[in-house]
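Work through the exercises below with the sequence and the structure at hand. Try each task before reading its solution.

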Amino acid sequence: MDKKELIKYLKSLGLTVHTGTKARGHQGFYIKGRIDISKNVPENKVVQTLLHEFAHHIHSELEPDMNKTGGTLSMLFKTDSDIFFNELVKVTNFVDENSLFVRLYEHKDRVKSKILEYENIIKIYYPKFQRSKKFKEFDKYIKKSDARYLLKYDRVKLIKGGFFRKTVKLYTIDNLEHDFNDMPKAFSAYIRLKSCQKKQSKISSRINRYKKYYEKPAELFARLVEGLYLDREWVEAIAPNVTKRFYELLNNGYYKELVILKKV
């Protein structure tokens, strides 16, 4: 079944289908009987994107509050969901390589490496330095320096003086040695270490946020449907328990009009 036939089938079920939209910032979007497909989706991925959103529609009929709750695997597969979760994650990783967060993990590793680099510089001058404890020598120095603002931000603009006589100073973490030429090397390394720790925390937060999205039952189910369309044999190989149960329910009519998956 090609794109036109699939869209015709979806519309015959009473669904509204729009292609060439912004899809609310996604490749595709489903809500209350409406499927939007982004104009940026490559032609060879339109069918799988339509199937992904159609899977959300089927899921919403099983769990009407799916959009708010993310759904449950126990309802989707009518059995204990724990045995399926890991298999579904494997399918998701196959269908969408972004779910592996390769770039984010690489970035996190680079930042971690820089943290160790700055820590080693500090230990040249302060061998007993530990990241988990207060750096008293630094704290004493930084109280009287404008560099203290760089502990919170990598770039700051300070405006000093009265209404008519203002002094504007721009400080950046990259120009520490130039802006604060009396700062000991260990202290500039510590400021950069703290900056890297903030970056590391932000990256971890992004990974956790994306992971939470990808591991929603609604998304796991939709990517299972995508995977079966893309490469049925491979998905059956990496997710034997999930696919066996999926076919049982599909053949028994549990997934209703998703039976069309047999023809695409």
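**Exercise 1.** Leaving aside neighbours within four places in sequence, find which residues N67 is in contact with, then describe the setting of N67.

*Solution.* The model is a predicted one.
Step 1. Once its neighbours within four places in sequence are set aside, N67 is in contact with Y30 and I31.
Step 2. N67 has its place in helix α3, residues 66-69.
Step 3. Along the chain, N67 and I31 are 36 residues apart, yet 7.9 Å separates their C-alpha atoms.
Step 4. Buried means under 20% relative accessible area and exposed means over 50%, with partly exposed in between. The relative accessibility of N67 is 47%, so N67 counts as partly exposed.

**Exercise 2.** Give the strand order of the open sheet of three strands, and state which strands lie at its edges.

*Solution.* Step 1. The order in this open sheet is β1-β3-β2, and the pairing is mixed.
Step 1. β1 (16-21) and β2 (28-31) are the edge strands, each pairing on one side only.
Step 2. From one strand to the next, the twist averages 15°.
Step 3. β2 and β3 (residues 34-38) run antiparallel and are joined by four bridges. Among the bridge partners, Y30 goes with I35 in β3, and I31 goes with R34 in β3.
Step 4. β2 and β3 form a hairpin that has two residues between them. K32, in the turn, has a positive phi of about 45°.

**Exercise 3.** Sort the side chains of β2 by the face to which they point.

*Solution.* Step 1. The side chains alternate along β2.
Step 1. G28 and Y30 point to one face, and these two are buried.

**Exercise 4.** Is S60 buried or exposed? Then list what surrounds S60.

*Solution.* Step 1. S60 lies in helix α2. Helix α2 (residues 46-62) lies across β1, β2 and β3, and runs at about 20° to β2.
Step 1. The relative accessibility of S60 is 15%, so S60 counts as buried.
Step 2. With neighbours within four places in sequence left aside, S60 is in contact with Y30 and M66.
Step 3. The side chain of S60 also reaches the backbone oxygen of H57, at 2.6 Å.

**Exercise 5.** Describe how helices α5 and α12 cross, and which residues meet there.

*Solution.* Step 1. The axes of α5 (residues 82-95) and α12 (residues 240-251) come within 8 Å and cross at roughly 105°.
Step 1. Angles of 65 to 115 degrees count as roughly perpendicular. Therefore α5 is roughly perpendicular to α12.
Step 2. From α5, the residues F84, E87 and L88 meet P240, N241, V242 and R245 of α12.
Step 3. The residues of this contact divide into four nonpolar, one polar and two charged.

**Exercise 6.** Locate K78 and K256, and state the phi of each.

*Solution.* Step 1. Most residues other than glycine have a negative phi.
Step 1. K78 is not a glycine, but its phi is positive, about 50°. K78 is found in the loop between α4 (73-77) and α5. Its relative accessibility is 45%, so K78 counts as partly exposed.
Step 2. K256, also not a glycine, has a positive phi of about 50°. K256 is found in the segment after α12. At 39% relative accessibility, K256 counts as partly exposed.

Key: Residues numbered from 1 in each chain as written. Predicted model: local features only at pLDDT ≥ 70, side-chain atom pairs only at ≥ 80, totals over all residues. Heavy atoms only, no water. Pairing = 2+ DSSP bridges. Axes fitted to C-alpha atoms, helices over the stretch in contact; angles between N-to-C directions. Contact = heavy atoms within 4.5 Å. Buried < 20%, exposed > 50% of the residue type's maximum accessible area, 1.4 Å probe, protein only. Polar contact = N/O pair within 3.5 Å; in protein donor to acceptor, adjacent residues only side chain to side chain. Parallel < 35°, antiparallel > 145°, perpendicular 65-115°, else oblique. Nonpolar A, V, L, I, M, F, W, Y, C, P; charged D, E, K, R; others polar.
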